[in-house]
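Q: Could you walk me through this model, sheet by sheet? I have the coordinates open and would like to follow along.

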Amino acid sequence: MHRVLLVDDDVDLTSMLSLYISREGFDVRVANDGETGVNEALRGGYALVVLDIMMPRLSGMEALRRIRTASNVPVLMLTARGDNVDRIVGLNMGADDYVPKPCTPGELVARIHAILRRTGGRSEPGAANAAQALTVGALTLYPGTRQALWHGAPLELTGTEFSLLDVLARHAGQLTSKQDISQAAFGRPLTRFDRRIDVHISSIRQKLGLRDDGRSWIQSVRGLGYQLLKD
């Protein structure tokens, strides 16, 4: 049973959501302020954290920053509807996805399932899954364990970053449209003004660094898509 941490200061809302999520087969724990949420998230054992942005004692953004300093647990942000700034900032800070409030319990559970499908379990890559490794130049991905190596060293990626890099690696040297990336990585079409792919790609670029020729390993063609260079 997957454990989910729900962090929101709205007691009535968390009670309703936790009941619904529990009925879907999850073990749900609740924290009603950001500081308690961070402490609980960093105790480990959670498959996913649902984190509200507007909270007392510690904002959701600061809570996310603290979580990301020590953990890659998938984080689903609850944002105000139409607040694109918070969404982009959250994605830049390492959130895996977001749901605008107010949201239905069904939509929230659907997003949770989608994130867990693409993040899977986490363990150290070894001989058992070496044959399933995907290698492109200095990059090695282990889809079964969601682990990545860059020049032989562990590459720390969020679950969403891994999914995006996996799609690009499978089409290395080819231009892949944002629509195809969204379908393959998120399982849904890209909507108008949705910038989550751009934000996550920017983060991956920073982690990979630059090539010897000064270019990024991930090239973009404005309005068309992205391409992972082979060498």
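Q: Which strands does helix α1 lie across, and at what angle does the helix run to β2?
A: Helix α1 (residues 11-23) lies across β1, β2 and β5, and runs at about 165° to β2. Axes here are lines fitted to C-alpha atoms, for helices over the stretch in contact, with angles from 0 to 180 degrees between N-to-C directions; helices (H or I, at least four residues) and strands (E, at least two) are DSSP runs, numbered from the N terminus. This is a predicted model, in which local features need pLDDT of at least 70 and side-chain atom pairs count only at pLDDT 80 or more, while totals for chains, interfaces and linings use all residues. Residues are numbered from 1 along each chain as its sequence is written, and side-chain values use heavy atoms, with hydrogens and water left out.

Q: And helix α5, which strands does that one touch?
A: Helix α5 (residues 105-119) packs on the sheet and touches β3 (48-52), β4 (75-80) and β5, its direction making about 175° with that of β5; contact means heavy atoms within 4.5 Å.

Q: What's the strand order in that sheet?
A: The order is β2-β1-β3-β4-β5, in an open sheet of five strands with parallel pairing, where two strands pair if DSSP finds at least two bridges between them. Because β2 (27-31) and β5 (97-101) stand at the edges with a single partner strand each, one side of each is left without a neighbour in the sheet. The twist averages 20° from one strand to the next.

Q: How many bridges join β1 to β2?
A: Five bridges join strand β1 (residues 3-7) to β2, and within that pairing Val 4 has Val 28 as its bridge partner.

Q: Switching to β7: which residues cover its two faces?
A: In strand β7 (residues 139-142), Leu 139 and Leu 141 on one side and Thr 140 and Tyr 142 on the other are all buried, that is, under 20% relative accessible area with a 1.4 Å probe and protein chains only, whereas exposed means over 50% and partly exposed lies in between.

Q: What about β8?
A: Strand β8 (residues 147-150) pairs with β7 in the antiparallel sense over four bridges, and Trp 150 in β8 stands opposite Leu 139.
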